[in-house]
Amino acid sequence: MKNRRLFALALAIVAVVLNGCGKSAPVLHIYIWDAYLPPAVVDQFTKRTGISVTIDHYGSNEELMAKLASGVTSYDLCVPSDYVVQPLIQQKLLHGLDHARLPHVSNLTPRFVNQAFDPGNQYTMPYLWGTTGLAYNKKLVNPAPDSWNVLFDPAYKGKILMLDDKRECFVVALKLMGKSVNETDPATLRAAADMLKKQHDLVRTYDSTNYDNTLLSKDVVVAHGWNGQMAKVVSDHPDDYAYILPKEGGDIWLDNIAIPAGAQNVDAAYQFIDYVLEGETAAQIVNGVNYASPNEAAKAHIDPKILNDPNIYPPDSALKNWEYLNALGGATDRMISDLWTEIKAK
Amino acid sequence: MKSARSTLLALHALVVYAILYGPILVLMVFSFNKSRQAAVWTGFSFDWYVQLAQDAELVHDAWHSLIVALVATAASTAIGTMAALGLAGNGRELSARAARSTTTALVYLPIVIPEIVMAAALLTFFSITRWHLSLVTVMAAHISFTVSYVAIIVRARLIGFDASLEEAAMDLGANRVQMFFRVKLPIITPAIIAGALLVFTVSIDDYVVTSFVAGTDSTTLPVKIASMVKTGVTPEINAVSTVLLVCTIILVVVSQKLMTGRNAE
Amino acid sequence: MLPTWLVLGGLYLLPLLILAAVSLHQADDFGNAASVENWGQHIRSGEVAANYEKSVRPPFPPIHVRSFVLALVTTAACLLLGYPVAYYIALIAAPARKNLLLALVVIPFWTCFLVRIAAWRLILQDQGLLNTLLLKMHLITEPRQLLDTPLAVLIGLVYGELPYMILPLYASLEKLDRSLLEAAADLGARPAARFLRVTLPLTLPGIVAGSVLVFIPGLGQFIVSDILGGSHSMMIGNVVNDLFSGGKDKPLGAAIALELTIAVLTMLIAWAWYARRRGWEIGL
C-alpha cells in the first residue's frame, strides 16, 4: 500500500511539473465555442507573431459566465453572445478595449457596431452573427409555411421540435403576439408562457443540439433552429428541406470577441482581435465555420456559395422585424426561468 | 444439471454483452458515413478519419482525458482502499466508532450529491482558495468524487472478512506488513481492480464536473465533444471514438495475454 | 484516516456548506446569491426558507416523483440484468479470463457518452434500427415512437449504469466460498434454496453497493433525459442543471439539490438502521 501511495504521489508531481512546463514562450489562451475558429487561422497567427495558442471550449454562455465569475481562470480571449455582454460588463468581468490598438475596426459593417448591449464597442467586437428561424420537410409540410404558426399546428402533433432554449422559445411566442423579443412586462410574458404550455403537447422534443438530425430522420417535420446547421441541411438536400425566416420576425444573434478581466497576455489578445478584424481572416473564418461575419471587408474573399446563400447572408429586407436579444435583468430572467420549468414539467 | 445452468448463465451474459456493444457497433459503422449529419447514411467514406489525422486539437484533448484518468485512478484507488481498510476496523471504543461513522459519511457524500452540485461546489472551492483552474484542478476534482466508488466497493468486499485469518497469520510469525501483503491484500485485490476500472471509466467519461473546473489548456474529450453544440456534431467524433476503442481493446487483450503467459511460467 | 478526511473534507464538505448557505438567499441580478442586509428580518419574514417552500409547490412535485420512480426501476433492471453476468464472471468463467471479461464490461464506456447516446438515437428513431428490425420480424405493423419518451430514458440509464452494478456485484460474488454451497447441497438444499439462503445473503453487501451506485446518480442525472427523453421527461436533475448552469437562480437550484441530497441521505440512514436491527451485514 505504501508503494501505491508513493506511486500516486509521483504521478501527481509529474502532472504538476508537466502542467507548469511551456510557460517560457508567450502564449495566448482562447476560450471559444467549438468549431468557431478554423485551425488554419490559428496556425497563421502563430506563424506571423510567434505566439502559440491554446484553445478551450464551452458549450453555453452560462458556462462562460460561471468560469469568468469564479475569478480563477486566465483566459485571454472569449466570445460571449449578445445577451450575456451586459451582465459580464456589470460584473466587471471584461477588459476595456482601446480602439487605438485595433486599426482594422473600420472593416466592420456599420449595422453591427454600437449595439445597445455595448455602446461604442468599449468591451467587445462583433465576431459572427446569424438568425434563429425554422426549417421544414418540403414533402411532408403543406402548404409551405411562412409563419411561426406552423410550430403550433395540431396537424403536426408530435412532429415538432423546439430549441431547448427559454429565450428562443419565448421569442417565438412573443413575435406571434406582435411583441418585442426583449419584452419584460409580466402579464405579457405569462400570456406567452400560456401559448407555449398549450404547444407543449404538440412538441416531440426540445433540443438545441440535434435539431438538424431529428429533422433529417423524419422524426419531426418542422424544426426550430439556428441557421448555420440548417443551412447545411438545406444545401445538402435542397429538394427536401427549406429554412425560412418567419414573417412575424425573430431574433438575430450576435457573438462577440472580448478580453476577460483576468487575461494574462493582453498584448497578444489585442493582436489576435485585430488579426481577426482583417478582411481576409474574417473571410477564412466564414468559409470554415459557415456562419456570417459582421466584417464588410471580408465579403471580397468569402466563398460565393456562402455569400449567396440566403440562409447565411439574408438580404436586409428579410430582416425587417428582426431584433437583437438584450439582457432582461434578474427579476425578468427569474420569471422566465420559473415559467419555463412550468412549461417543460408536464 | 450444473452445466445446464452454466450454459444458461453464459447465454445471458452473451446477450448482455451484445446489448453493451450494440450501440458501439452502430457508432463505429457511422464513423464511415459520408454524410455530415448522422441521421442519414449517404455512403461509405474515410473522410472523417482523414480529418481526424489532421485534427491536432482533438488528439490533444484525448491525451488530456487519458492523463487525468490515469492519475485519478491511481490516487483514488490508493486513498479509497485506505478509507475502506480504515472502515473495516472492529474497534468497539467510542472514538473508533465515531471515526468510522465520520469516514462512512464522508465516503458516501460524493455519491449522494447530484453531480451538477458537486461541480458547482468544487468551482466555488477553487474560487475561494484562489486555486487557478488547470488540468491539476481537474485531476483533484476527479479524485475527490471517485474515491467513494473505490471505498464502497472494497468495503463491501471486506464485510465478513475473517479476522481470525489475520490472527492466525500473526501467530505463525508474520509481522503486520507481511500479514497485510500476503493475507489481506490478495483478498481485496479483485475489489481494488473492480474499483480501479470503475474510477477510470468514470473519469475518462466525465463531462459535468470537468467542464466546471477545467482551466486553460485543460479541455478533455467529453468536454470538447459536449461543446460542439453550436455547430453540430460530426462523424469525426465517431472516428476518434472508434480509434480509441480499438486501441483500448488491443491494449487490454495484449496485457491479458502477457499476464496469463507470465502466470503459466 | 487523516489523508482521506483531508481530501474529502477539504475538497468536498466545505463547499457543500457554502452551497447550503447559498440556498438560504434569494437570487440577485446575475443569478447568484444576493447579499442579505438584515438577517433578523430575513429569517423572521420567512424569506430564508423561500426557496425550499418553492421547491415543494407545483410544478416540482410531479418531477420529484417521476425521477424517483425512474431511478427505482433503473436500479431494479440493472440488478436483474447485472447479477447473472457478475455471477458468471465471478464463479463460472475460467479464472484466466475473469479480468478480461470484467474489462470488456467497462470498455464500451471509454468511448464518449455523447457518441454512445447519439448511437442510441439512431437505434431508437422512428425509422431507426430497432423499429426496422421489429418491422422486419413482423412483431409490429408500424413504427412505434421509442425515442423521446420516458422509455428511452430508462433504456439509456440502464445501459449507462450497468457497469456500476456489475462491478460491485462481482467483487462481492468473487469471494463466495464454494464449499458453503457444497455443504448446503450435501445437506439436501435444492439449487433455488441454495441461491436464496446462501448466495444471496452473502452477496448482500455487493447488491447494496451496486444499488447505491446506480440509484443515487440515476436520481440526479440529466444528460440522458435531456438527449433521449423528449418533451415529457423532465427530471429533477434537469431542473437543477437548468437553474445552476442556466445561471438564473442558483439559490433555488442549491435548495432543490440539497433537498435531494438530504432525502437520499435519510433513505440511506434509515436503511442502514433497519438492516442493523435485523442483523444484516450490508456494509453501511
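In the predicted model, chain C comprises 14 helices and zero strands. Along the principal axes, the C-alpha atoms of chain C occupy a box of roughly 75 × 55 × 30 Å. Of the 284 residues in chain C, 51% are buried. When contacts in chain C between residues at least 6 apart in sequence are considered, 71% of them link residues at least 24 apart.

The contact between chain C and chain B involves 75 residues from chain C and 75 residues from chain B. On the side of chain C that touches chain B, at least two residues each are supplied by helix 1 (2–23), helix 4 (60–92), helix 5 (98–106), helix 6 (113–124), helix 8 (150–174), helix 11 (204–220), helix 13 (236–245) and helix 14 (250–277) of chain C. Helix 1 of chain C provides the largest share of this side, namely 14 residues. By class, the residues of chain C that form this side comprise 59 nonpolar, 12 polar and four charged.

The largest nonpolar core contains 268 residues, and those with the most contacts inside it are B:Leu122, B:Ile153 and C:Tyr170. Helix 6 of chain B (residues 135–158) contributes the most to this core, with 17 residues. Chain A also takes part, as at least three residues of the core come from each of its domain 1 (26–129 + 252–312) and domain 2 (130–251 + 321–345). Residues up to four places away in sequence being left out, B:Ile153 touches B:Ala191, B:Ala194 and B:Gly195 in chain B, together with C:Leu167, C:Pro168, C:Ala171 and C:Ala209 in chain C.

Chain A is assigned domain 1 (26–129 + 252–312) and domain 2 (130–251 + 321–345). The centres of these two domains of chain A, taken over C-alpha atoms, are separated by 27 Å. Between them, 18 residues of domain 1 are in contact with 19 residues of domain 2. On the side of domain 1 that touches domain 2, two or more residues are given by each of helix 4 (82–90), strand 5 (124–137) and strand 10 (251–260) of chain A. The largest share of that side, four residues, is drawn from helix 4 of chain A. The side of domain 1 that touches domain 2 consists of 12 nonpolar, four polar and two charged residues.

Definitions and conventions
Residues numbered from 1 in each chain as written. Chains lettered and ligands numbered in written order. Predicted model: local features only at pLDDT ≥ 70, side-chain atom pairs only at ≥ 80, totals over all residues. Contact = placed C-beta atoms within 7 Å. Nonpolar A, V, L, I, M, F, W, Y, C, P; charged D, E, K, R; others polar. Buried ≥ 20, exposed ≤ 12 C-beta atoms within 10 Å, placed from the backbone. Core = buried A, V, L, I, M, F, W, Y, C linked by C-beta atoms within 7 Å. Domains from an automatic or database assignment.
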